[in-house]
Amino acid sequence: MEEKKIIKVKSFRFDPQKDEKPYYDTFNVPISGKMSVQDCLVYIRENEDPSLAFFINCRLGFCRRCLIRVNGKSCFSCLTDAEDDIVVEPLIKDQVIRDLWSKDI
Ligand code: FES
């Protein structure tokens with residue numbers, strides 16, 4: 001049986017409609033095989049917090065709409081492997097629609 005590694009995903013949270021200021025939530029995500037950061041976000045939404053907002057579309061690196069910051073570096077969440085604890089943030093914090101989903105640049 002395959003051992004599952006648990007990583008911590010610390011996510012920026014902010015809903016301009018109801019939150020006075022941004023905050024962070026931390027989630028435990030079991031990693032099995034090769035998982036992208038976007039796979040981790042999908043896991044969180046499906047298993048821990050259905051309100052986590054982020055952009056997902058092609059999951060193949062074509063649409064270029066899933067740009068976020070992972071540990072401070074901008075990257076496509078669908079193309080970035082999640083191997084250890086990570087901090088995920090929107091690309092531009094002052095243009096957030098909700099959580100990791102920000103306006104197109
Ligand atoms: S979801 Fe399309 S590039 Fe990542």
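**Around Val37**

Mentor: Let's start at Val37, which touches Val70, Ser77, Thr80, Ala82, Ile86 and Val88, leaving aside residues up to four places away in sequence. Touching, or being in contact, means that the C-beta atoms of two residues, placed from the backbone, lie within 7 Å. Keep in mind that this is a predicted model, where local features need pLDDT of at least 70 and side-chain atom pairs count only at pLDDT 80 or more, while totals for chains, interfaces and linings use all residues. Residues are numbered from 1 along each chain as its sequence is written.

Val37 is also among the members of the largest nonpolar core that touch the most other members, together with Val9, Cys40, Leu41, Ile44 and Val88. This core has 15 residues, and α1 gives the most to it, with four residues. Such a core is a set of buried Ala, Val, Leu, Ile, Met, Phe, Trp, Tyr and Cys residues joined through C-beta atoms within 7 Å. A residue is buried if 20 or more other C-beta atoms lie within 10 Å of its own, exposed if 12 or fewer, and partly exposed in between, again with C-beta atoms placed from the backbone. Across the protein, buried residues make up 23% of the 105 residues.

Now for the helix: α1 covers residues 37–47 and lies across β1, β2, β3 (67–70) and β5 (86–90), running at about 100° to β2. Helices (H or I, at least four residues) and strands (E, at least two) are DSSP runs, numbered from the N terminus. Axes are lines fitted to C-alpha atoms, for helices over the stretch in contact, and angles run from 0 to 180 degrees between N-to-C directions.

Next comes the sheet, an open one of five strands in the order β2-β1-β5-β3-β4, with mixed pairing. Its edge strands, each pairing on one side only, are β2 (23–31) and β4 (73–76). Two strands pair if DSSP finds at least two bridges between them. Strand β1 (residues 5–13) is joined to β2 by nine bridges, and the two run antiparallel; Arg13 has Tyr23 as its bridge partner in β2. β3 and β4 are also antiparallel, over four bridges, with Leu67 opposite Phe76 in β4. Their hairpin has two residues between the strands, and Asn71 takes a positive phi near 50° there.
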